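Here's a quick briefing to read with the model open in your viewer. Have a look at the fold first, then come back for the details.

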Amino acid sequence: MLPGDSHVHSEWSWDTNIGDMEGTCARALEIGVPAVAFTEHLDHIVWTADRETLAESPHLASFADAQGRVTAPPFDVEGYLSAVERCRERFPGLRILSGLEIGEPHLHVKAVAVILRAGRFDRVLGSQHGLPVGETFYEPPMLFEHYGREEALRRYLGAVPAVVAGSDNFAVFAHIDYPVRFWPTDEMFDPMAYEEEFRLALRAIADGGRVLELNSKLPLHPEVVRWWREEGGRAISFGSDAHYPAALAEGFREAVHIAEAHGFRAGRHGHDFWTC
């Protein structure tokens with residue numbers, strides 16, 4: 001049996017115009033995913049995107065100003081939670097969790113707390129998508145243009161402890177290797193070149209009592225999972241980062257093999273974290 005998918009987006013995430021909560025639930029039942037957590041984006045950072053990125057994504061560009069500064073709209077808590085309840089009624093055979101993916105949770109603690117008090121969220125992820133360069137916030141690939149991709153990754157991993165220390169509002173640290181998604185397709189990524197930085201970040205996540213996400217959008221390298229155990233990590237969460245139904249649980253079979261090879265085992269229920 002596949003594990004539950006604990007990192008899924010629907011039409012309630014501002015960055016997708018093809019998300020479909022009901023369609024994703026139907027897809028879960030079709031392929032045998034026992035649980036789905038709709039961890040919608042909650043972002044307060046204003047970040048600057050390059051023209052190529054905006055040209056490739058007209059939907060994203062609709063949230064950008066003339067200088068390319070992208071501002072996420074306010075999150076509709078009431079509408080989202082109502083949609084979750086409708087899906088629970090329509091799909092009683094599927095465990096459906098409410099949730100959020102909080103971008104840079106340590107930088108907007110008060111604003112995040114307001115949202116969390118507005119309803120119940122079963123699965124809350126914390127994520128880091130970029131870094132400031134001076135007073136301007138960039139995500140990859142623009143971050144690579146400023147630092148070079150190797151230095152950008154080192155800085156990204158080096159900032160993870162501050163994210164953990166600065167917020168206790170999330171349980172799972174999402175996609176620790178996020179910048180690697182933007183690595184050149186013709187160049188093999190070697191995590192061993194960044195072992196010290198990965199271990200520093202993983203140790204902070206473990207010491208903070210958080211769960212590491214094994215994100216399958218870009219399969220997390222097995223070495224990173226091994227380092228997670230060695231640095232004190234005892235639980236993992238599986239997430240596809242799907243933004244539309246067909247992407248639900250993509251790459252999960254490979255992710256499960258990686259988790260099992262490093263001693264992680266499923267809990268009693270499909271939505272449980274895997275532990276060792």
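What follows covers the sheet, the helices, the aromatic pairs and some backbone geometry.

This is a predicted model, where local features need pLDDT of at least 70, side-chain atom pairs count only at pLDDT 80 or more, and totals for chains, interfaces and linings use all residues. Residues are numbered from 1 along each chain as its sequence is written, and side-chain values use heavy atoms, with hydrogens and water left out.

**Sheet**

- The 8 strands make an open sheet with mixed pairing, in the order β1-β2-β5-β6-β9-β10-β11-β12.
- Strands here are DSSP runs of E, at least two residues, and helices are runs of H or I, at least four, numbered from the N terminus; two strands pair if DSSP finds at least two bridges between them.
- At the edges sit β1 (5-8) and β12 (274-275), each pairing on one side only.
- β1 runs parallel to β2 (residues 35-42), joined to that strand by 2 bridges.
- Val8 stands opposite Phe38 in β2.

**Helices**

- Helix α5 (residues 109-116) lies across β2, β5 (95-103) and β6 (123-127), at about 165 degrees to β5.
- Axes are lines fitted to C-alpha atoms, for helices over the stretch in contact, with angles from 0 to 180 degrees between N-to-C directions.
- Helices α7 (residues 149-166) and α8 (residues 195-207) have axes that come within 8 Å and cross at roughly 15 degrees.
- That makes α7 roughly parallel to α8 (angles under 35 degrees count as roughly parallel).
- On the α7 side, the contact (heavy atoms within 4.5 Å) is made by residues including Arg154, Leu157 and Val164, and on the α8 side by residues including Glu197, Phe198 and Ile205.
- By class, that contact has 9 nonpolar, 1 polar and 2 charged residues, with Ala, Val, Leu, Ile, Met, Phe, Trp, Tyr, Cys and Pro counted as nonpolar, Asp, Glu, Lys and Arg as charged, and the others, Gly among them, as polar.

**Aromatic pairs**

- The count comes to 12 aromatic pairs, meaning rings of Phe, Tyr and Trp (its six-membered ring) with centres within 6.5 Å.
- Tyr80 and Phe121 are stacked, at 6.3 Å centre to centre and 5 degrees between the planes (under 30 degrees counts as stacked).
- Tyr80 is in helix α4 (residues 77-90) and Phe121 in the loop between α5 and β6, 41 residues apart.

**Backbone geometry**

- The Pro140 to Pro141 peptide bond is cis, with omega near 5 degrees, and Pro141 is in the loop between β8 (136-138) and α6 (142-147).
- Glu104, in the loop between β5 and α5, has a positive phi near 45 degrees.

Note on methods:
Angles under 35 degrees count as roughly parallel, over 145 as roughly antiparallel, 65 to 115 as roughly perpendicular and the rest as oblique. Rings of Phe, Tyr and Trp (its six-membered ring) pair if their centres lie within 6.5 Å; planes under 30 degrees apart count as stacked, over 60 as edge-to-face and the rest as tilted.
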